[in-house]
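Subject: The structure we talked about

Hello! Here is the structure to look through, and my notes on it follow below. Please open it beside this email and find each place as you read.

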Amino acid sequence: MADMADEAHRSDVLACPHCGLALLLSRSTATCETGHSFDRAKGGHLNLLIGGRLSSGAVPGDTPDALAARRRFLSSGGYAPIAAALAETVGDVDGAVLDVGCGEGYYTSHLRGTDRYGLDVSKRAVQMAARLLPDSTFVVGSAYRLPVQDHSLAVVTSVFAPHPLDEFARVLRPGGRWVTVTPGPMHLVEMRPTSDGTAGGKALDRQHRRASAPEGSTSARRLEFRLDLDDTTADDLFLMTPIRWQATARPPLTSVTVDVWVASGPA
Ligand SMILES: C[S@@+](CC[C@H](N)C(=O)[O-])C[C@H]1O[C@@H](n2cnc3c(N)ncnc32)[C@H](O)[C@@H]1O
Ligand SMILES: [Zn+2]
């Protein structure tokens, strides 16, 4: 009978989150030469998040209902123009591409690379993404300490998710690029509790900051469009955005402004 170890191969991308050495992957585990070991979950993903606080009862990142709303909303095609702009900016990647804060995998599914990876701090998000894209590799991990080898990636993306540029520089190969999607100043303005013209100082600061191309980018395009909503899509959009924590209830809406930056920069 073939030994499981026979089937193990050294990952060109994934690294042990404890010591940074390349991971040796087999069907059921990932190990490093120091002896750290990680079990593969039933759905195939690896949990490479370290620091016990996040591991047990807590659900870091999106809550289950936010994730379900996100899956429904994104499948309805409301943000398809964003996915198309992301795919166009990333292009066909010759090498490994990693989607940081991949959520349930919608944007990851639009990336074309020879080797596709997704990472999120939320285990449930990673489970959903792994089920959606069985041909890609998904890991639970932190954007701020990526379980990824130095200079191993051609492209790193982050869509409405954390994007620490120093960490991206560490993992990108020479000539590699990062691509982010971030909110523009008018993004979902009708949904925000301050959209009645009495915007406070904080909201104005945010609008001002978002009016310029994202810091560090060498190329950025702003994508703006009006999105019609029915009650279901409006509810889902509200549930999946952080605005829900700032507002007591969803305002009545039949359309919203979508306004995002699709930006990129060098390693
Ligand atoms: C607004 S959601 C965007 C998800 C997905 N990119 C999309 O647009 O559908 C932000 C995502 O970032 C993840 N996230 C937040 N903090 C993170 C961190 N420190 N490391 C990795 N992922 C993180 C959340 O769990 C969540 O899935
Ligand atoms: Zn290790």
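Two strands count as paired if DSSP finds at least two bridges between them. Helices (H or I, at least four residues) and strands (E, at least two) are DSSP runs, numbered from the N terminus. This is a predicted model, in which local features need pLDDT of at least 70 and side-chain atom pairs count only at pLDDT 80 or more, while totals for chains, interfaces and linings use all residues. Residues are numbered from 1 along each chain as its sequence is written, and chains are lettered from A and ligands numbered from 1 in the order in which they are written.

Let's begin with the sheet of 4 strands. This open sheet runs in the order β1-β2-β3-β4, and its pairing is antiparallel. At its edges are β1 (9-15) and β4 (37-39), each of which pairs on one side only. On average, neighbouring strands here are turned by 30 degrees against each other, direction ignored; for such angles, axes are lines fitted to C-alpha atoms (for helices over the stretch in contact), and angles run from 0 to 180 degrees between N-to-C directions.

Look now at β1 and β2 (residues 22-25), which pair in the antiparallel sense over 3 bridges. Arg 10 stands opposite Leu 24 in β2, and His 9 faces Leu 25 of β2. The two strands form a hairpin with 6 residues between them, and Gly 20 in the turn has a positive phi of about 85 degrees.

Next, find Cys 32 in the loop between β3 (29-31) and β4. Is Cys 32 buried or exposed? A residue is buried if 20 or more other C-beta atoms lie within 10 Å of its own, exposed if 12 or fewer, and partly exposed in between, with C-beta atoms placed from the backbone. Cys 32 has 20 C-beta neighbours inside 10 Å, so Cys 32 counts as buried. Leaving out residues up to four places away in sequence, Cys 32 touches Cys 16, Cys 19, Leu 21, Leu 23 and Leu 24; a contact means that the two C-beta atoms, placed from the backbone, lie within 7 Å.

There is also an open sheet of 8 strands, with mixed pairing and the order β5-β8-β7-β6-β9-β10-β12-β11. Its edge strands are β5 (46-47) and β11 (219-228), each pairing on one side only. Within it, β6 (residues 92-100) and β9 (residues 153-159) pair in the parallel sense over 4 bridges, and Val 100 has Ser 158 of β9 as its bridge partner.

Now for the helices. α1 and α3 (residues 123-132) pack at an angle of about 30 degrees, with their axes 10 Å apart. The two helices are therefore roughly parallel to each other (angles under 35 degrees count as roughly parallel, over 145 as roughly antiparallel, 65 to 115 as roughly perpendicular and the rest as oblique). Their contact is made by Pro 64, Leu 67 and Arg 71 of α1 and Arg 124, Ala 125 and Met 128 of α3. In α6 (residues 231-240), the buried residues include Leu 237 and Phe 238, and the buried residues of α6 pack against α1 (64-75).

Finally, here are two backbone angles to look up. Most residues other than glycine have a negative phi. His 151, however, has a positive phi near 50 degrees, and this residue lies in the loop between β8 (137-140) and β9. Leu 188 also has a positive phi, near 50 degrees, and is found in the loop between β10 (172-183) and α5 (201-210).

Enjoy exploring!
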